[in-house]
Amino acid sequence: MTNRDTKTLRRELEQLKGQRDKLQSQKKELAQQVKNTQREIRQHEQALVIVKEVGLQTQQQLQYHISDIGTMALNSIFPDPYALKAVFTERRDKTECDLLFERNGNLVDPLSASGGGAVDVAAFALRVASWAMERPRSRNTLLLDEPFRYLSENHLPEVGRIVQELSQELGLQIILITHSEAL
């Protein structure tokens, strides 16, 4: 073996050592990245659990506000009322809320199974509940155009009383546009 062959082999050996050192350094960096990524995944999973729990609590609060306020409004107007139910379901990887009427354990679509008056009363209650849940609250004025247009005339005195009571209790000015003289 000549001196030149020895130099070439040493140069190749040094290059291989350099490549080895570079690969070992990259291996350490990648191991650290894997470790960091695993930690981030655990943190994201923990955050997801927290978000789901907050979502469930929010749904429960919404069910209370929507269902109870809507049901109270329907009870105060009709002798055999529906109960308003907020039912949360998963669709297309998102939580959606279905608003249904319930009577005698049967859930029905409000628009297809009940009269327009019941839908009007429930819609009014939803507007008030929505305003009451706002944080921060918007102006304390609710402007409604014919909110009870499908409600029969004989129920309008009760509606007027309820609107007045809600207005006073909540400190909410309710302005109704109507063609009825009974309100």
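I began with helix H1 (residues 3-77), which lies across S1 and S2 and runs at about 150° to S1. For my own reference, helices (H or I, at least four residues) and strands (E, at least two) are DSSP runs, numbered from the N terminus. Axes are lines fitted to C-alpha atoms, for helices over the stretch in contact, and angles run from 0 to 180 degrees between N-to-C directions. I also looked at helix H3 (residues 116-133), which packs on the sheet and touches S1 and S2. The direction of H3 makes about 135° with that of S2. Contact here means heavy atoms within 4.5 Å.

A note on what I am reading: this is a predicted model, where local features need pLDDT of at least 70 and side-chain atom pairs count only at pLDDT 80 or more, while totals for chains, interfaces and linings use all residues. Residues are numbered from 1 along each chain as its sequence is written, and side-chain values use heavy atoms, with hydrogens and water left out.

Next came the sheet. I found 3 strands forming an open sheet in the order S1-S2-S3, with antiparallel pairing. Strand S1 (83-91) and strand S3 (106-108) are the edge strands, each pairing on one side only. From one strand to the next, the twist averages 45°. Two strands pair if DSSP finds at least two bridges between them; S1 and strand S2 (residues 94-103) have 9 bridges in the antiparallel sense. Within this part of the sheet, I saw Phe88 standing opposite Cys97 in S2.

Then I followed the loops. Arg92 counts as exposed because its relative accessibility is 67% (buried is under 20% relative accessible area, exposed over 50%, partly exposed in between, with a 1.4 Å probe and protein chains only). In the loop between S2 and S3 I came to Asn104, whose phi is positive at about 55° although Asn104 is not a glycine. Asn104 is exposed, with a relative accessible area of 74%.

My last stop was the loop between H3 and S4, where Pro136 is found. The peptide bond from Arg135 to Pro136 is cis, with omega near -10°. Arg137 lies in the loop between H3 and strand S4 (141-145). Is Arg137 buried, exposed or partly exposed? At 42% relative accessibility, I noted Arg137 as partly exposed. Leaving out residues up to four places away in sequence, Arg137 touches Trp131 and Ala132.
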